[in-house]
Amino acid sequence: MNASRCDLLRWQFDLTWSLFDYHLELLRPEDFLWEPAPLCWTVRRDATGTWVPDWAETEPDPIPVPTIGWVSWHIGWWWSVTIDHAQGGTPRDRTEVTWPGDGTSAVEWLRGLRTTWLTVLAGLTDADLDAPASFPWPPDSGHTVAHMIAWVNSELMKNASEIGQLRMIRAVSSK
């Protein structure tokens, strides 16, 4: 059987999502803001009560260990902006993407982004995959929509493994 490039990228996404969803199912509300190290990035309420991520324009050295809450915000941020690009919309600024405020809402948010992403993927043809992509690279990078989709799959896999590792460390640390 010959799979189209769209089918192959969708299969890869579904595989990645199933591994991510395994960890989402096992997360407890208190896991999201658990700080695994003294140097840590998390999400915090600002003066207005909005949940915002710790952030630095220049990556610090050493890099802070993120909380599950921070990683879930990070996924929501890059995925929201990718969807904006894929749908031809104006991409949101990082500061416009806020964390929902608790683990249950964060999981629902991520599952909602998955549903929207599946709609994006379902509307693509193999020919669409060859169109230039302007995210997450500069417009003149030579990367295509296929590259962008492969990047989403890779980035989601990386972030899923980070959340999974944090979840497992917390589980054994609390015993």
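Residues are numbered from 1 along each chain as its sequence is written. In this predicted model, local features need pLDDT of at least 70, side-chain atom pairs count only at pLDDT 80 or more, totals for chains, interfaces and linings use all residues, and side-chain values use heavy atoms, without hydrogens and water.

Side chains of opposite charge can pair when their charged atoms come close. A salt bridge is counted when a side-chain nitrogen of Lys or Arg lies within 4 Å of a carboxyl oxygen of Asp or Glu. The whole structure holds 12 salt bridges.

One of them joins Asp130 to Arg5, with the closest N and O atoms 3.1 Å apart. Asp130 sits in the loop between helix H3 (103-122) and helix H4 (145-173), and Arg5 in helix H1 (residues 5-26), so the pair ties together parts 125 residues apart in sequence. Helices (H or I, at least four residues) and strands (E, at least two) are DSSP runs, numbered from the N terminus. Asp130 is partly exposed, at 47% relative accessibility. Arg5 is also partly exposed, at 38%. Buried means under 20% relative accessible area, exposed over 50%, and partly exposed in between (1.4 Å probe, protein chains only).

Glu57 and Arg94 form another salt bridge, at 2.9 Å from N to O. Glu57 lies in the loop between strands S3 (51-53) and S4 (65-66), and Arg94 in the loop between helix H2 (68-86) and H3, so this pair links parts 37 residues apart in sequence. Glu57 is exposed at 68%, whereas Arg94 is buried at 18%.

Salt bridges with shared partners join Arg28, Glu30, Asp31 and Arg170 into one network. Within it, Arg28 pairs with Asp31 at 3.7 Å between the closest N and O atoms. Arg28 is partly exposed at 35%, but Asp31 is buried at 3%.
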